[in-house]
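Please find below a short note on the two-chain structure under review.

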Amino acid sequence: METKTFVSPKEGSALVLVGTIKGAFVLNSDASRERWEVSGPHFPGRVVYSMAYDGRSGRQRIWSSSTHFAFGTLLHSTEDFGRTWTNPESAPVKFPEATGQSLKQIWQIAAGSDQEPGKMYCGVEPAALFESNDAGQTWSFVQALFDHPHRPQWQPGGGGLCLHTILVDPSNTKRLHVAISTGGVYRTDDGGKSWQSRNQGLSAEFMPDKYPEFGQCVHKVARNPSRPERLFLQNHGGLFRSDNAGDSWTEIVNGVPSDFGFPMAVHPHHPDTAYVFPLEREMRCSPDGKLRVYRTRDAGNSWQPLSKGFPDEPAYETVLRDGLNTDTLKPTGIYFGTRGGKVYGSRNEGETWSLILQGVPAITCVKAAAV
Amino acid sequence: MAIIFYIPGPLREHTDGRSQVEIDVEIDADSGTLREVLAGLWQKYPGLRDRIVTEQGDVRQHVNIFVNEENMRDCGGFAATVGHGATITIVPAVSGG
């Protein structure tokens, strides 16, 4: 693998951001997505749980978290595709002293909708939300979610008690969904002043009450911006869809070989199309050692395995909750990264796949974008 | 009161590349506390603070601070007595793989 210090995308390029447990990599290709240039490792030796691209208002800004084993978690950005990164003197995202909490990880960095080009969000561990109204220059703590009466009963999953999913609603800037493991899905309809759990119909198989008001171990939620009331969800056990912005959920496993998995991705142009990477429950690897992405084109009523281009030999791979993502080009590119340090990509919506990166540390997140 | 701080490699980008820095801490006594001398270090090199202590003011779990040759956790924590000419050594734990 030949790597560079930074990549040089052009207008219309595809960008794939790869976070690993020991640094980050940035991949760039022209719209054909046949050949990729790779830069990195950025933040070598540090855990990178979250990355994001902000292309609003003419920006070309990449965001990344970094967690040093001893020296804590920081938020960085680059305006030149990784040639230089910010290295803030003071941690930009930090808990107020009155909370008694200290930041462990930044699990999610999310840009606000196009209508609010200065809005940014960070979801963190321990589970809490931060927001910025100046495109990430300064950050503030969302107190109302932290004060939610459910919070003392949220419990950490295997990865810690984290707020890992943030979904903005392009049709309603006051509405935001977040997901917490384990807490479930929460929604605000007033710009973060108040929050309601939105878990009706979502199972929590590990609880005495299998359908509690909250406490579900939601692994990932995704939506297509053109149909914001429709949500797809990979649960710790079960695939679900909501057609009413989370007011209720319907199971949509419908033939996927395992209802366990971590990621969920939605096609950026077709709201009925979604992708999952099912995992065998005990080993938490691809079932039978066969790499398979499953795609639905009818909102989860049926799923088809996608495997053309994957290796024939056994591949016991794991894809974590942020390890599967799409770009926004046409045809759409689909990408996933594994704990085995490989990134596979499809430049035709999942019909065929190729290995585009290998030999990197265990992958925690993959985020794709069009420049 | 002059205090010498030894800075670990990953943090030297915040001390202009220096492995050893001397801070003259203004204290009206023969000795001060570790809290006071660290405040002097944060003031001169502000990039160090959030990397060594959390937002709650606690020393990060995997950071050790030695006052001369004693771990601060064994000699009073932030209230540990620090005299003129003392050395403060900041050491990240070494583990992992």
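1. Of the 97 residues of chain B, 23% count as buried; a residue is buried if 20 or more other C-beta atoms, placed from the backbone, lie within 10 Å of its own, exposed if 12 or fewer, and partly exposed in between. In chain A, buried residues make up 51% of the 371 residues.

2. This is a predicted model, in which local features need pLDDT of at least 70 and side-chain atom pairs count only at pLDDT 80 or more, while totals for chains, interfaces and linings use all residues. Residues are numbered from 1 along each chain as its sequence is written, and chains are lettered from A and ligands numbered from 1 in the order in which they are written.

3. Chain B has two helices and seven strands, where helices (H or I, at least four residues) and strands (E, at least two) are DSSP runs numbered from the N terminus. Along the sequence their pattern is β-β-β-α-α-β-β-β-β. The C-alpha trace of chain B spans about 45 × 30 × 25 Å along its principal axes. Its radius of gyration is 13 Å, which agrees with the value near 13 Å for a compact globule of 97 residues; the radius is taken over C-alpha atoms, and the globule rule is 2.2 Å times the number of residues to the power 0.38.

4. Chain A contains one helix and 28 strands. Its radius of gyration of 19 Å is close to the 21 Å that the globule rule gives for 371 residues, so chain A is as compact as a globular protein of that length.

5. One open sheet of chain A consists of four strands in the order β8-β9-β10-β11, with antiparallel pairing; two strands pair if DSSP finds at least two bridges between them. The edge strands, β8 (105-111) and β11 (140-141) of chain A, each pair on one side only. Strand β10 (residues 128-132) of chain A joins β11(A) over two bridges, and A:Phe130 has A:Phe141 as its bridge partner there.

6. Which residues have the most contacts inside the largest nonpolar core? They are A:Val16, A:Val18 and A:Val366, in a core of 100 residues. Such a core is a set of buried Ala, Val, Leu, Ile, Met, Phe, Trp, Tyr and Cys residues joined through C-beta atoms within 7 Å. Apart from it lies another core, of 21 residues, including B:Met1 and B:Leu48.

7. Finally, 14 residues of chain A are in contact with 14 residues of chain B, contact meaning that C-beta atoms, placed from the backbone, lie within 7 Å.

Technical notes. Contact = placed C-beta atoms within 7 Å.
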